[in-house]
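Work through the exercises below with the model open. Try each task before reading its solution.

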Amino acid sequence: MSPIHRPEHSTNSPLSIHAMTVAYDRKPVLWDVDYDAPEEPRLIAIVGPNGAGKSTLIKACLGLVPRASGLVAFRGKPLDDVRSTIGYVPQRESVDWEFPVTALDVVCMGRYRKIGWFRPVRQKDRNAALVCLDRVGLADLADRQIRQLSGGQQQRVFLARALAQEADLYFMDEPFAGVDAATEQAILGVLREMKNEGRTIIVVHHDLQTVPSSFDEVIFLNMRVVDSGPVAEVFHEDNLRKTYGGRLTMLAEAAEAVARSERR
Amino acid sequence: MDGPVTFWLDFWNILTLRSGYNATLVILGTSSLGMASGVVGTFAVLRRRALMADALGHATLPGVVGGFLLSLIFGATGPEILPLLIGGACSGLLGIWLVQFLVRHPRIREDAAIGLVLSTFFGLGIVLLSVVQTTVSTQTAGLDSYIYGQASTMTKLDVLTLASLSLLVVLTSILLRNPFGQVCFDADFAATTGWPVDRIDLLMMGLVAGVCVIGIPAVGLMLVVALLIVPCAAARLWSTRLIDVLMISGLFGGISGWFGAALSSSLPNLPTGPIIVLVAGFIFGFSLIFAPRRGILSSQWDSYCRNQRIAEDHALEHFIDHDDSVANDGLSALFSVRGWSVRKINRLMRRLRAKDFVQCSSSVWSLTPSGRSRGLTIQRNHRLWTQYLTSHADIAANHVDWSVDQVEHVLSDDLVAQLEDQLRLGSEP
């Protein structure tokens, strides 16, 4: 047996994961994950079947679930030193949308840490939040209670809150879940702008068909990293089969996706 | 005749604090308690910890009795507030800790854990209480008022303690509303931005526990949870901004304490706690019916108006389908598919005429130019929506709004043009 290959980790990578294992209730859900994000800004998709640990991966990077072993570094530094440079978009279902706040209030929450413990939200913060809402096309709905927004609009409010964080590295948990095609394009447009501003964005993604057209890099995840790298190099049928195994419908979808990416 | 008049006079005097030192003290105590629990209760409700507060309240009983026993050992001659509250706080917090410990076990869910702790601690407390009452019966007078609350026995020191602690709780909650609110709304996000979520949670729960414990002598440990939940539930019907909900909830809690204490002092032999809770319940009931937008009356009125508008839209569409005019006796046939009564049809036609959508001359109803243009718009919209649902069934059915005047308000111009093309193609042979 060959010794386990350990990649060299870069201290310039915005995210490097070293031999990370995560377990719930004694059962590991992520096993020995090694990954280095490219140093340059990229749009990175995490794909894999249900239960592959996609959300767990980003939650473990963010310290929201404990790691059984391994470590995560951001440009060579631990999480606690760089929290203000890391943004997060959780799944839409994770919060109570009946909560008594307006869309603008939610976006302001992206700046609460900067505002501090005791100071109120000031006009300066509200203006900055409004700019972020405007970037996702919701400036008109700033004063709506969040319940009155559609699913796609709620998702964009979360995106605006992440913009308000002004971070360098973003983790997004299924930002395209349950949104229509037009909203998906709008969100993708914002993500591309963010990348062009020099930010790295890591997205948990479930729609294989849009991976080649939307993302620069892809991580194939099924409890371990199957493969990762630029879409043009690693997004092929072999990796898809290794990741999704015998799921026939997924394979059919994957084959179609590959055919598309080859046509491009 | 004399009874009710003196009662109201009494009540008025107490309410306006002109009925002597004692009643004034009680009112100040209960209203500041109500205000504090209204404010901090909002966070407990929003963090979905309301039942946890209930468990905490019930779990104080063994501690209250235990504190009483200890104070007897150290030479007290009857129930004194401080040892009882300290004992209550200790066992209450132990109960909360036990709930937290139990939910970590995979087979026990939070509701089960809360029920378990609440009932066993309360049972233990009742058993201890009866044992104490039978063994040292002469000194236990007033101890059982901790179960239902009896504010009228409060001393000046009690009220001062209550009022200053309440003020502290209110100030802390208002000052820290941003971190508190963020942790309540989205604790994971708050944690990623670097807030110490565990410590903020602990502080919030500590404030809730504090209000519970200081509120027990006034409203009793069974009902103290009502003061945390009910004002907030009522306040949420009046506003959708956190800061407003906090203020209104505090106000409602304060009013409940004030009126409740006044009522219970002007009626003989009624315990204060239940009356305060009933006043809070009344405020909630009032809000539920009369609050603007979210109240029952208001939302019933909204749906009534919406149904009328839908009926008008349908009627205009039927007219368009029927070449714009119909004889008076043909109306029921025209609308037969709707199953409307003759009365409803008559009222509907009157409304449409008042809006200048239809006119009636020599028993023939016909569309006016404005009615015709509105009818055509409605017809086009409905066809476009039908087409949209057929061709874009996979995405966002919640975009469809049959009642909008212009589909363009919801869908992009490109999409509308595309749908119109599809409609045109579909209608050609």
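**Conventions.** This is a predicted model, in which local features need pLDDT of at least 70, side-chain atom pairs count only at pLDDT 80 or more, and totals for chains, interfaces and linings use all residues. Residues are numbered from 1 along each chain as its sequence is written, chains are lettered from A and ligands numbered from 1 in the order in which they are written, and side-chain values use heavy atoms, without hydrogens and water.

**Exercise 1. Classify the packing of α8(B) and α10(B).**

Step 1: locate the helices. α8 of chain B spans residues 177-185 and α10 of chain B spans 197-219. Helices are DSSP runs of H or I with at least four residues, strands are runs of E with at least two, and both are numbered from the N terminus.

Step 2: take the geometry. The axes lie 10 Å apart, at an angle of about 105°. Axes are lines fitted to C-alpha atoms, for helices over the stretch in contact, and angles run from 0 to 180 degrees between N-to-C directions.

Step 3: classify. Angles under 35 degrees are roughly parallel, over 145 roughly antiparallel, 65 to 115 roughly perpendicular, and the rest oblique. α8(B) and α10(B) are therefore roughly perpendicular.

Step 4: list the contacts (heavy atoms within 4.5 Å). From α8(B) come B:P179, B:F180, B:V183 and B:C184; they meet B:V197, B:I200, B:D201, B:L203, B:M204 and B:L207 of α10(B).

Step 5: sort by class. Nine residues are nonpolar, none polar and one charged. Ala, Val, Leu, Ile, Met, Phe, Trp, Tyr, Cys and Pro count as nonpolar, Asp, Glu, Lys and Arg as charged, and the others, Gly among them, as polar.

**Exercise 2. Do likewise for α10(B) and α11(B).**

Step 1: α11 of chain B covers residues 224-235. Its axis and that of α10(B) come within 8 Å and cross at roughly 120°. The two helices are therefore oblique.

Step 2: B:V208, B:V211, B:C212, B:G215 and B:V219 of α10(B) meet B:V224, B:L227 and B:L228 of α11(B). That contact has seven nonpolar, one polar and no charged residues.

**Exercise 3. What kind of aromatic pair do A:W97 and A:F158 form?**

Step 1: the ring centres are 5.2 Å apart, with 40° between the planes. Rings of Phe, Tyr and Trp (its six-membered ring) pair if their centres lie within 6.5 Å; planes under 30 degrees apart are stacked, over 60 edge-to-face, the rest tilted. The pair is tilted.

Step 2: A:W97 lies in the loop between β5 and α3 of chain A and A:F158 in helix α6, so the pair ties together parts that are 61 residues apart in sequence.

Step 3: check burial (buried is under 20% relative accessible area, exposed over 50%, partly exposed in between; 1.4 Å probe, protein chains only). A:W97 is buried at 7%, and A:F158 is buried at 0%.

Step 4: widen the view. Ring pairs link A:W97, A:F99, A:F158 and B:F185 into a cluster.

**Exercise 4. Which ring does A:R161 sit over?**

The charged end of A:R161 is over B:F189, 3.5 Å from the ring centre. The rule requires NZ of Lys or CZ of Arg within 6 Å of the ring centre and within 35 degrees of the ring normal. A:R113 lies over the face of B:W195, at 4.3 Å.

**Exercise 5. Is A:V231 buried or exposed?**

A:V231 is buried, at 8% relative accessibility. A:V231 belongs to helix α9 of chain A. Its contacts beyond four places in sequence include A:P212 and A:F215.
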